[in-house]
Each structure stands twice: as structure tokens, then as C-alpha cells.
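Student: Could we go through this model together and check what lies behind the labels?
Tutor: Gladly, let us take a look.

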Amino acid sequence: LALDDGNAPLYSSRSAAYFELENLEQSMADANKCIDLAPKWCKGYYRKAKVLFAGKNLAGALSVCRKGLEVAADDPQLKALGDQIRPQAVKEAEGHKEKGNVSFQAKDYEAAIAWYQKALHLDPENHILYSNRSACYCALEEYEKALKDANKCIKLNKLFLKGYSRKSSAMQGLGQKADALKALRQGLKEAEGVDGMRKQREALQDTLNELEEAVHGKPPEAPKQFWQPLCRECFQEGHLAR
């Protein structure tokens, strides 16, 4: 390095040597230098993630692994390291989630959001965390954030019907009542015919019925053969469902 201080592989190798000597500070410094010199080379990210993992910074280690895999999606070392870190990260995230739930029950929504955020750093694909944080944002009347989290929840798991309830609540807060109804109907449609979801569908249907009544009032009596629940609006406007 005294002769070639711009050589990224040399910094990577020295980072590995420092790591074996348990000198994590110097190992991290060389890993960072390697990344600075060669940001498109995945080895620096691997070195850095190993140091963070050794230092018990699971969220940081996973984040660096993800950045490295953006550079080299099939790198076996980064994949193996990520697989090694993930179970511990998920376990730690679950602990943060439980603390968030306690804060939520105590109506300390800002504290709950902070706990869910910590959990998401460790387990960013956990749809329940986005659902829970969406509920917190709704309680704080931060409806745009609530909607964003609800949409993320649905994207991660379209069969988690509570995500549609969260989306509907956020849209109601934004004054978008028609879209709030559509969100609930979308959830029912996604779950249609899926085994083992009867209770979830029934709960979502009850939520839809309550919101329809709140928005439109109780529907007038109609001949049963003409009644279709999804056409309540058009019936009340004088149009029979065809």
C-alpha cells in the first residue's frame, strides 16, 4: 500500500487480516477504503458486513449485505453471510415488535413507531410491521404515512387482509371514502376462494358493511333478486343491478 495506495484488493486483504487479529476498528477502516476505491466490487461490502456482524450490529450488517448484493446479486459469500445473520436479526426484530405492541396498547404511538422502525431495520420484509406502524400513523392522523405503510404491507403479502383495513382507514382519514371502500373490496377479491381464510374474509366483510352504511346509510328495501352488495351505490341512485 505504500507503493500503491489506490489498490482496493490490497485494502480488502488487509481488512481480512485485521479481522483475523480481532482488530475490528482497523478492519472496518480498510473495508470502507476498499468500498470507496471500488464501489462496484462486492468484496469490500463483504468485509464490512463481517465486521458489523462481529460487533453485533445486525441491522447494519444486513444493510451492507443488501448493498453488496445490489452490486453482485449472485455473490456466494454475501449470500451465505446474509443467511447466517438473518435468523438472529429476525429474532431480535420480534423482540422490538413486542415492545412496539406494548407501546401501542398503552397508546404511546410515537414510541411504538420507534420500536417498529428498529424491527424493520432487522426484518424489512415483515408485512406485519408495516401494518402495525400504519395503525400508529393513523392514530396520530398522519394519514399519508399510514397509507404508504399499508400499501407496502399489501405488496409484501396480498393475502394479509388487515393490510386492506389499514389502507381503508388511511384513505378515510384523507377524505377518500370511495377509495376506502375499494380497498376493502380489493382485499375480499384477493382472498376469494383461498382456503383457510373464512374468518379473515368475514371480518373484512363486516368492516366493509359498516363503512358502506356509514358512507351511504342503510340501503332501501329492494326485491332480493335485484340486490348485489357491490352495487349499493348505483341502486341508491335509481339504477338496478343487471
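Predicted model: local features only at pLDDT ≥ 70, side-chain atom pairs only at ≥ 80, totals over all residues.

Tutor: The largest pocket is lined by L62, C65, R66, L69, R86, V90, L122, D123, P124 and E125.

Student: What makes these lining residues?
Tutor: A lining residue has an atom within 4 Å of a pocket point, and L62, C65, R66, L69, R86, V90, L122, D123, P124 and E125 are the ones listed for the largest pocket. The volume of the largest pocket is about 160 Å³.

Student: Which helices supply at least two residues each of that lining?
Tutor: α4 (58-71) and α5 (76-105) do. α4 gives the most, with 4 residues.

Student: How many nonpolar, polar and charged residues does the lining of the largest pocket have?
Tutor: There are 6 nonpolar and 4 charged residues, and no polar ones. Leu, Val, Cys and Pro count as nonpolar, while Asp, Glu and Arg count as charged.

Student: Where does E22 lie, and why is it called exposed?
Tutor: E22 is in the loop between α1 (8-20) and α2 (24-37). Exposed means over 50% relative accessible area; E22 has 69% relative accessibility, so it counts as exposed. E22 also has a positive phi of about 65°, although it is not a glycine.

Student: And why is K56 called exposed?
Tutor: The cut-off is again over 50%. K56 has 67% relative accessibility and therefore counts as exposed. K56 sits in the loop between α3 (43-54) and α4.

Student: What is the phi of K56?
Tutor: Phi of K56 is near 70°, a positive value in a residue other than glycine.

Terms used: Residues numbered from 1 in each chain as written. Heavy atoms only, no water. 1 Å grid on protein atoms, 1.4 Å probe; cavity = no way out; pocket = protein on both sides within 12 Å on 5 of 7 lines; lining within 4 Å. Points joined across faces, edges and corners; volume = space filled by probe spheres on them. Buried < 20%, exposed > 50% of the residue type's maximum accessible area, 1.4 Å probe, protein only.
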